Each structure stands twice: as C-alpha cells, then as structure tokens.
Amino acid sequence: MVRFTILASGSKGNSSIVTSESGSSGSTRILIDAGLSCRELFRRMAQVNEDPSTLDAILITHEHADHVNGLPVTARKLGIPVYFTEPTHRAWVRQVTPQHKITYAQWAQEYARQKQAGSFPNPLPDPEPDPAPDPDPVPDPSPDLTQDATIDPARLPAVHYFQPGQPFHIGSITVSPFTIPHDAADPCGFVFTAEGLRLGLATDLGYMPPNVQAQLRRCDLIMLESNHDLEMLRDGPYPWAVKQRVLSRVGHLSNDATAQYLEQTYDGHATWLILAHISESNNHPDLARLAAERALVSKPSLLANRLLLAPQHEPLPPICF
Ligand SMILES: [Zn+2]
Ligand SMILES: [Zn+2]
C-alpha cells in the first residue's frame, strides 16, 4: 500500500509523508520537508496515526524557512538521515550558523589596524545577501529545549546528497528529483515511485517549465502549487518588492498558471490532484478550487480526477492507494 499524507502546506510551514508498506525491501516512510516545529510535526502525525519513530529519512526541497523550520530538531530527535542537494545543504548550513557581521566602517578600521601591525588584511565581507525567505515565514514556536549552546546548529545525524535528474532509492521508494524555478540555492520537486505508482510533487515554482511538465506525466497523484490569485496579490498587503518576487519566474504559481497547465498540458492521468502552498494573504481556497475545476471541466476526461486542497493548519486525511 502507498500512502500520502500532507501535514501542512503554505508559507507558514510545509511537510508531507510518503509511505510504501509492501515494497520488496519492507516498509519505507519519508518525511518531505520539515517546515513546522518538531513538536507540531509530531502532534500532526499523531492526528493521522503516523508514528514519527518509523520515519526512515527526511528529504528537503529547498532551504526556505517554511520548509526547514523544524529540520534540525526533528532529524536529531529521530536520528535519521537528511537528503539534500549539496547547494541546498550549504545554503541551509549558512542560514543556521550564527554569523559575525561587521559594518564597512568596522572593517576599514580593522584593515587599518592590521596594516599598521604588518599582518595580512582580511578580505572584504561577502557582499552577497542571504537567500530571500518566503514572504511570511514564522519562527519555530517550539525551540529545541534539549539543545545546549555547544551543539552545532547545523549538526544532523547524517547527510546524503542527491542531484536533480538522478533518481535514487530510499528503502523501497524511488525518488526522482527535478529542478524547479524558484529563488533558492537548488530547489527541487520530486516524483516518488513505489509499487508501480507515481506521486509527483511540485510546489514553490515561478512557472511550469517543460521539464516539470514532463515529470508530472503519468502520475497517479499530483501535488501542485496554486499559490495566489493575481488580483488578490496585486491589491493585497505585501510590499511592492515582495509582490514582484512572488509574481516572478522564480516565485510562486498563481491559480491561473496552475489552471493553464491543467487545461493545456496535463494528461489527466492522476486519480488525485492536490492544490498546495495556497497563500492565506493572497488567495482564497474557493478561488483556487474554482480555477482548477474550470480547467478540468473543459476536458470531460478529467472529471474523474479527485481534487483536494492542502490545508495549512491541519493535516489532510491520508490518501491511500
Ligand atoms: Zn514555500
Ligand atoms: Zn520557497
């Protein structure tokens, strides 16, 4: 049996679980992203009868806070490996490692002091800004109380690297990572293959490039972003720069963009279609559903698809195959 459970979806935290229970190498459970605090992840898992201690691995799509907020605590508590691409891991380590930042004036003063002392001056501080977080990430409400100050905040039980375009196995599940256009170090979507079924996940992407469309072919379940309503975003509360970022080709998919994919490209193969990463500030679940339903109604063959919306504040009941 293959089971897919969404624990949370949206800019306040993303996390889901894919389970294969009768693969040739026994049962396998993968947590995809850990965007909620460890405590909240465990609470939501209990609500849908998922036992955290049976998870085999954590797989990370990208380093934005709404996908990794609870990662270090959860991974350390469970003692399980974390799978990243190397650039995503590096970006995450930079993000969680406290940095000593100095102003230009402080650097100039230090430069003059070292020059006077005859020692080689330090290079200029890295002018690159940190990667932009998702617009409204929230801090982890449940800090790691077991963590003492001497623990390296980037310490994980084990780290494995994967590369987009190169499928790999975790237990009985084959993971096929693919590149998505988003403003992170090396963002990925995934197709999970288990027991002859294909589950495709693509959220946090500015548009649907041909490689993503190709990956989502012949999927039995598709979780696809339907982030914002264009008018609500335009008239909504976000500052202009954040609106531009969300709308850009490395931002998030609008209801219209998702509907266009469903109408023009989607092959209609999936039993389950899940609209995900729905913005609470710039979208309404009814608008996201309506846009997708309109697109599906235009092709009678797609009416058998079951359409669900991934919630932010509670788990979606598990989908079983
Ligand atoms: Zn996100
Ligand atoms: Zn993101």
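The following conversation goes through the fold of one protein chain in a predicted model.

Me: What should I know about the model and its numbering before we start?
Reply: The model is predicted, and local features need pLDDT of at least 70, side-chain atom pairs count only at pLDDT 80 or more, while totals for chains, interfaces and linings use all residues. Residues are numbered from 1 along each chain as its sequence is written, and chains are lettered from A and ligands numbered from 1 in the order in which they are written.

Me: How many helices and strands does the protein chain have?
Reply: The protein chain has ten helices and 14 strands. Helices (H or I, at least four residues) and strands (E, at least two) are DSSP runs, numbered from the N terminus.

Me: And what share of the residues counts as buried?
Reply: Of the 321 residues in the protein chain, 43% count as buried. A residue is buried if 20 or more other C-beta atoms lie within 10 Å of its own, exposed if 12 or fewer, and partly exposed in between, with C-beta atoms placed from the backbone.

Me: What about contacts between residues 24 or more positions apart?
Reply: They account for 71% of the contacts in the protein chain with a separation of 6 or more. Two residues are in contact if their C-beta atoms, placed from the backbone, lie within 7 Å.

Me: How does strand 11 pair with strand 10?
Reply: Strand 10 (residues 197-202) and strand 11 (residues 221-225) are parallel, with four bridges. Across this pair, Leu201 stands opposite Met223, and Ala202 stands opposite Leu224.

Me: And with strand 12?
Reply: Strand 11 and strand 12 also run parallel, joined by five bridges. Glu225 faces Ala276 of strand 12 as its opposite residue.

Me: What lies between strand 10 and strand 11 in their β-α-β unit?
Reply: Helix 6 (residues 210-215) does, and the unit is right-handed. A crossover is right-handed if, with the strands pointing away from the viewer, the path from the first strand over the helix to the second runs clockwise.

Me: Are the faces of strand 11 covered or uncovered?
Reply: Both faces are covered: Leu221, Met223 and Glu225 are buried on one side, and Ile222 and Leu224 are buried on the other.

Me: Which residues have the most contacts inside the largest nonpolar core?
Reply: They are Ile30, Ile58, Leu59 and Ile222, in a core of 76 residues. A nonpolar core is a set of buried Ala, Val, Leu, Ile, Met, Phe, Trp, Tyr and Cys residues joined through C-beta atoms within 7 Å. Not counting residues up to four places away in sequence, Ile222 touches Gly200, Leu216, Ala270, Leu273 and Ile274.

Me: How many residues of helix 5 are buried?
Reply: The count is zero among its 14 residues, and helix 5 is hardly covered. Just after helix 5, Gly118 takes a positive phi of about 85°.

Me: Is His277 buried or exposed?
Reply: His277 counts as buried because it has 25 C-beta neighbours inside 10 Å. His277 is in the loop between strand 12 and helix 10, and its phi is near 50°, a positive value in a residue other than glycine.

Me: And Arg218, buried or exposed?
Reply: Arg218 is exposed, with 11 other C-beta atoms within 10 Å. Arg218 sits in the loop between helix 6 and strand 11, and its phi is near 60°, again positive in a residue other than glycine.

Technical notes
Pairing = 2+ DSSP bridges.
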